[in-house]
Each structure stands twice: as structure tokens, then as C-alpha cells.
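Dear colleague,

I am passing on the structure below, followed by some notes on what was found in it. Please read the notes alongside the coordinates.

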Amino acid sequence: MGDCVLSLPAMESLRVDYTEVWVTSRNRALIRFADATDSIVSTGLDLVGLPEVEPPEALIQRLRSFDSIVSWYGSDRAEFRTAVERLNLPFQFFRALPDEQAGTHAAEFFLDQVRGFSTCRVEPVPRIECSRRDEGFAVIHPFSGSPKKNWPLERYNELAALLSQRLTVRWCAGPEETLDGAMRFDDLYELARWFAHATVYIGNDSGPTHLAAAVGTPVVALFGPTSPELWAPRGPSVQVVAVPGCGPMEAIPVDRVADAVNRVLSARSRRR
């Protein structure tokens, strides 16, 4: 989810008279600008390049019907690229991960790759359009794609106890994340709409954190082993709490996160 959100500016810059976007099934709901979307699995694209498997002829004809296909999918799969070349399909491949040594933020990295193909100017700030309304509650999502990126749950609980003196605190979790009483959404756009009603969102380096920032919700993002220079969420009000030198998440004390949340809430008070 996070990579999809960060690549939205690049994808939007490629819009032409007719544009399709193929992504994972769950991420389809986040693509709001395309004429059509499809899931990679349902098209059969994931079969291309597999040994002893012939991709469906209908898929090959569909791919040949496009003037151009810009793809991050398969960039690290040599057998996929070889099959695409053998079938003479109109693919242009780009690297799916930024170079950490270069220090370029992922949103800029994706956008820079397609500048020669793009038809419109887009800023490297992901945006997902939905109505923003502050309803006076905080959202905490205490998970990520890796345990190493997770701030300890007991510290989130300490933070929630502090926040509850000022705001209602609501927790959210994904389908496979264990958390009693958490809000869960099958549709990611519905999750985005819910985030858009929060006063503040607090979470780790994760897809939901990028999603909250993309809908304009103030975000406090916690970073440890990953670099915020490359992966921090982008939005109108983002506070990053990071461990120097990409150290362990346990090095972040509760008071640092509470201070960041207080800065967000103070800014909210000044706007009222």
C-alpha cells in the first residue's frame, strides 16, 4: 500500500486520453484518476514468464492493444522481462526501489523516472481526494510490514492514555493484525475516508501512515530502521519522529511522540 501511495504522483503524471492502472487487488480502490483499473492477478499478468506456463492469449492481445505500458512490476524479475521482450509487448520498465545512497525521496524517485513520458506536471506529494472533516478523534495504527518498524505496543498504550485526556482515541488494524477493538476496513478508500475525519493519525512507517497523509490528515510518523529521507509520508501536516542513525524503535520515548502530537494539536487550535 505504501509504495502504491508514494507512486501516485508518477502514475497521475502519465495520464493521457485513456489510462488504465493495474495494481494489486486491494490497492485498486486507491486509484481515483484512471479511466479503468484492474488487478494484476485477475488479468493473468503474474503468469507471464513462469516456466512451462503459457500466458492467456486474451492477455497478450490486450497488452498489445496499448500504445505504451509503463511498469514497475517485474523490474526485478528477469524471466518476466525476457518474456515481455520475446512477445514484443510495449513495456517500459522502471526500478521499483530508490537508491538509498542517493537519498532521493521515493515519491520524487518514482516521478523522476517517468518525466520523459509524462504529459502533465504533478508535484511529488501523493493526494487522494476525499472530504476532509475534523471530527475530534485520534487514530493509532501500531503495526507495519515488519516487526522491526513497530514502536512497542505498550508505548502506544501509554501515548493513548495521555491523548485520551484531550481526544477520543480509536485504533485501527489490518485484516491479519491482532488488536482487540480495532477498526478494520476491507476497502482501502473507505479507510482513507475514515482517516480524513481524524484530528491526528499516529503510526509507524507503514501503508496506512502514507494513506492518512495523502488525504490531508495531520500525521505523526515514527521511524527507526528505515530512512525518513526516503520514506517519510508527505502531506500538508506531517511530523516525523525518527531514531538517529536508523536505530531501533525502542529508542523513541513516549514524551517525544507526545510532543509531536501536541505540536499538531496546537496548530489545529490556531486554525480555529
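Buried means under 20% relative accessible area, exposed over 50%, and partly exposed in between, with a 1.4 Å probe and protein chains only. This is a predicted model, in which local features need pLDDT of at least 70 and side-chain atom pairs count only at pLDDT 80 or more, while totals for chains, interfaces and linings use all residues. Residues are numbered from 1 along each chain as its sequence is written, and side-chain values use heavy atoms, with hydrogens and water left out.

Helices (H or I, at least four residues) and strands (E, at least two) are DSSP runs numbered from the N terminus. In helix 5 (residues 78-86), the buried residues are F80, A83 and V84; seen down the axis, they fall within an arc of 100 degrees (taken from the directions from the helix axis to the C-beta atoms), so they line one face of the helix. The face turned away from that buried side carries the exposed residues T82, E85 and R86.

Rings of Phe, Tyr and Trp (its six-membered ring) pair if their centres lie within 6.5 Å, with planes under 30 degrees apart counting as stacked, over 60 as edge-to-face and the rest as tilted. The whole structure has 14 aromatic pairs. Among them, Y73 and F80 have ring centres 5.2 Å apart and planes at 90 degrees, so this pair is edge-to-face. Y73 is partly exposed at 25% relative accessibility, whereas F80 is buried at 0%. F80 also forms an edge-to-face pair with F93, at 5.9 Å centre to centre and 80 degrees between the planes; because F80 lies in helix 5 and F93 in strand 4, that pair ties together parts 13 residues apart in sequence.

Kind regards
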